[in-house]
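Here is a quick tour of one model, with an eye on charged pairs, a sheet and a helix. Have the coordinates open as you read.

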Amino acid sequence: MSDDPLARERSHLSASRAALRTMRHEVEALDIRDVTANWVNARVLEARTEARIKELADLAHTPLFFGRLDYLRTVHEGRSFYIGRRHVHDGHGDPMVVDWRAPVSQPFYRATRKDPLDVELRRRFGYTAGDLTAYEDERLSDPAETAGTSRLLQQEIERPRVGPMRDIVATIQPEQDEIVRSGLGGTLCVQGGPGTGKTAVGLHRVAYLLYAHRERLARTGTLVIGPNRSFLHYIEQVLPALGELGVEQATVDDLVAHVEVRGTDGAAAAVVKGDARMAEVLRRALHSHVTLPAEPVVVVRGSRRWRIPGYELEEIVRELLARDIRYGAAREALPQRIAHAVLVRMEQAGEAPDDRVQDAVARNPAVKAAVKALWPPVDPAKLVLRLLSDPQFLAAHAEGLLSAEEQRTILWTKPPRGPRSARWSPADAVLIDEAADLVRRTRSLGHIVLDEAQDLSPMQYRAVGRRCTTGSATVLGDLAQGTTPWATASWREALSHLGKPDAAVEELTAGFRVPREVIAYASRLLPHMSPGLMAVTSVRESPGSLEVREVGGGPGELDAAVLAACRESLLREGSIGLIAADARVEALASALTAASVAYLAPGTRTTAESRLTLVPASLAKGLEYDYVVLDDPASVVAGEPDERTGLRRLYVALTRAVSGLTVLHRGPLPAALGDRPAERHTAHE
């Protein structure tokens, strides 16, 4: 055995990789052809085997382990445990790498010198291109050793970002770990400013819950909901890197895709359609189709006629309405209730009918005709179409809920002929989803992670909430980054719409991504757009990370200055994001093309060869780049319908940088930013 500690750790890494390959080969060699009773079980076992093989893949540039814990001799017999992304055991079943989610791994994230949790030594490993190149020790139980900042931890946080979002499993902080390991039973809301790691925390929480409650969540399902496809593409590799391959990802628009969305709403109409009052409007409109009987039902069976009087039918209908069950479920129950009333009369006449007779009566033409008249089928899309097209119908069911002006705002000026020809908007699709749930209950999942939740309308919260009515949720967001006209005002209000009013709300205030100088500059906007919200305190000091340049001359000079800043950034290592107001993107794209500067669209994976992404400000949320060039902040603010939303959009754009931010402007900066940092000011004439 070598006396060189680094050589010993490299040897353990090689042995662990060999053990992982053996584990994979053992699964691949399994013969499952004759171990199942039928073809269905065979398919299930085959799918599980294939999934297990994928889970055991050894990713060349992903460290198999990133830490080691040496426990005191009084605990775990003084053993050492290597902490990694997945469990690896040797031929005897002894662990060579312990899954980061296992209880024995928890002190790697939680132990401190004040509370070492029985850990004698915590070792962190540094890697370069998959090779173990360094280690760093903390002797937590040694009172003589002083606390200090981990150099390897800092390097991992600041490592250049090329490609999709990566996991933070090696750098999870104690306050983040508490959220990650929270139980499955309750819903949790995480308020976190830029760079606090809330998205990564949410994804790692999914991975932890799947580890701790695998069988339950395998039955009920998990779902990650993001704001747009670009965001989902950006985060899609995090869970697979942690060994979790079966988690679905979607946007809210995907969830409510009952119709083709081809239209858009103005801000005023979208706000009203997204208001929670619309749920009651829809409920009233749906139940208006139920009518009370005007005549009896007469069922003919053989030579006998069985009569159910109108007053008894009315009692049945009123009882079903009072139970407040789904419209479709009540409609299915109605023929059985009528049939039961007939069977009571049969028994009173001396007959002995059974369940088969009741089912036959429920299918009797007279009963079916009565059900169709009393409780007719309702198509959710047609219901919403009528509400938005018929002023009288809307007025009848919005009375006391929506003002006359609000009703006029959401009515279509030219009603379509039918659902297929309608130019449905995203807000309309949410209304249809609400109506569909009133007709038939939406399937509930075991756990949902909802990211960038601050931008959802109350009706969108309801759409998400009905998909976890019997499960739980992790809600992630930042109130300061709400950039929709209906953005969430408070988490308590949002959680109420979600159907989880008792959820715990946690706040992350320590920033690990955005440099201190950059976040301090962006935080100047907070009093003007989100008063009372706590600013993020960055743990990263990076002098020179912020530069604000005023550009003289016309618009062409600004384009040239932006190009120059992009070229400067490309000389550095890592990804570059050029963020601009949506209206400026086309001009900047033309300038980049004319200058032969290659660029990508948001959601496209960056590579070592293509590192510059041109990002409309409206799509910047949730993304991050090593270096950001921000084009004309005033244009970003002016591109929104009101100043508060514009300042929030600017706040998002200012906080996408990990290593450096360059702000270029031709006219005055937004007043809320105050005086620019003079030491970073460079004028281009």
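Is Arg101 buried or exposed? With a relative accessibility of 4%, Arg101 counts as buried, the cut-off for that label being under 20% relative accessible area. Keep in mind that this is a predicted model.

**Charged pairs**

Arg101 has a salt-bridge partner, Asp99, and their closest N and O atoms sit 2.9 Å apart. Asp99 counts as buried too, because its relative accessibility is 7%. In general, side chains of opposite charge can pair when their charged atoms come close. The count for this model comes to 41 salt bridges; here are three of them.

| Salt bridge | N to O distance |
|---|---|
| Arg101 – Asp99 | 2.9 Å |
| Asp437 – Arg326 | 3.1 Å |
| Arg462 – Glu434 | 2.7 Å |

Take the pair of Asp437 and Arg326, joined by a salt bridge at 3.1 Å. Asp437 belongs to helix α20 (residues 426–439), while Arg326 is in the loop between α13 (310–323) and α14 (327–348), so this pair ties together parts 111 residues apart in sequence. Asp437 is buried at 9% relative accessibility, whereas Arg326 is partly exposed at 21%.

Next comes Arg462, which forms a salt bridge with Glu434. Arg462 lies in helix α21 (residues 458–465) and Glu434 in helix α20, so parts 28 residues apart in sequence are tied together. Arg462 is partly exposed, with a relative accessible area of 30%, but Glu434 counts as buried at 2%.

There's also a network of salt bridges linking Glu9, Arg68, Asp70, Arg123 and Asp137.

**The sheet**

Six strands make an open sheet with parallel pairing, in the order β9-β8-β12-β13-β7-β14. At the edges are β9 (248–251) and β14 (504–508), each pairing on one side only. From one strand to the next, the twist averages 20 degrees. Strand β7 (residues 188–192) pairs with β14 over five bridges, in the parallel sense, and Leu188 stands opposite Ala504 in β14. Lying across β7, β13 (472–477) and β14 is helix α22 (residues 491–498), which runs at about 145 degrees to β13.

**Helix α28**

Helix α28 (residues 643–654) spans 16 Å between its first and last C-alpha, close to the 16 Å expected at 1.5 Å a residue. Asp642 caps the N-terminal end of α28, with a side-chain oxygen 3.2 Å from the backbone nitrogen of Arg644. How enclosed is α28 by the rest of the structure? Largely, because ten of its twelve residues are buried. Among them are Leu647, Arg648, Arg649 and Tyr651. The buried residues pack against several elements, including α23 (516–522), β20 (625–631) and β21 (657–665).

How values were computed:
Residues numbered from 1 in each chain as written. Predicted model: local features only at pLDDT ≥ 70, side-chain atom pairs only at ≥ 80, totals over all residues. Heavy atoms only, no water. Helix = DSSP H or I, 4+ residues; strand = E, 2+ residues; numbered from the N terminus. Expected span 1.5 Å × (residues − 1). Buried < 20%, exposed > 50% of the residue type's maximum accessible area, 1.4 Å probe, protein only. Contact = heavy atoms within 4.5 Å. Polar contact = N/O pair within 3.5 Å; in protein donor to acceptor, adjacent residues only side chain to side chain. Pairing = 2+ DSSP bridges. Axes fitted to C-alpha atoms, helices over the stretch in contact; angles between N-to-C directions. Salt bridge = Lys/Arg side-chain N within 4 Å of Asp/Glu carboxyl O.
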